[in-house]
Amino acid sequence: MCAVGFYQLLTVAGFGDQYTIYFTSDYVMIACWFGAVYCLRTGRVIEAAVLALVGAWAREQMLLVPVLAGFRWLRLATTPPAG
């Protein structure tokens with residue numbers, strides 16, 4: 001996450017024109033996506049929902065996070081218990 005954030009910071013700093021806010025919202029969405037996927041993987045659903053909300057505010061593609069959460073729940077619900 002630090003490498004992604006550093007890359008985004010350098011890229012945003014490189015854009016000095018009127019479209020900087022457009023690129024910034026893309027970077028926020030990308031960072032939130034990786035954070036939400038990590039949170040879902042570690043079972044932190046509330047944090048993933050917050051990241052999805054922040055990311056959706058930046059870009060609408062973050063609405064895929066609930067779809068990912070649904071697929072994860074479906075996979076866990078249909079997996080037989082180990083043992």
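**Reading the classifications of a predicted model**

Me: Why is Val 67 called partly exposed?

Reply: Val 67 has a relative accessible area of 43%. Buried means under 20% and exposed over 50%, with partly exposed in between (1.4 Å probe, protein chains only); Val 67 is therefore partly exposed. The model is predicted, so local features need pLDDT of at least 70 and side-chain atom pairs count only at pLDDT 80 or more, whereas totals for chains, interfaces and linings use all residues. Residues are numbered from 1 along each chain as its sequence is written, and side-chain values use heavy atoms, leaving out hydrogens and water.

Me: In which element is Val 67 found, and what is the order of elements in the protein?

Reply: Val 67 is found in helix 4, residues 64-78. Helices are DSSP runs of H or I with at least four residues, strands are E runs of at least two, and both are numbered from the N terminus. By this rule the protein has four helices and zero strands, in the order α-α-α-α from the N terminus on.

Me: What makes Val 28 partly exposed?

Reply: Val 28, in helix 2, has a relative accessible area of 33%.

Me: Which residues form the largest nonpolar core?

Reply: A nonpolar core is a set of buried Ala, Val, Leu, Ile, Met, Phe, Trp, Tyr and Cys residues joined through side-chain atoms within 4.5 Å. The largest has six residues: Ala 36, Cys 39, Leu 40, Ala 48, Ala 52 and Val 65. Helix 2 (20-41) and helix 3 (45-58) each give two or more residues to this core, and helix 2 supplies the largest share, three residues. Nonpolar side chains tend to be buried together in soluble globular proteins.

Me: What does Val 65 touch, not counting residues up to four places away in sequence?

Reply: With contact taken as heavy atoms within 4.5 Å, Val 65 touches Trp 33, Ala 36, Leu 40, Ala 48 and Ala 52.

Me: How many disulfides are there?

Reply: A disulfide is a pair of cysteine sulfur atoms within 2.5 Å, and by this rule the count is zero.
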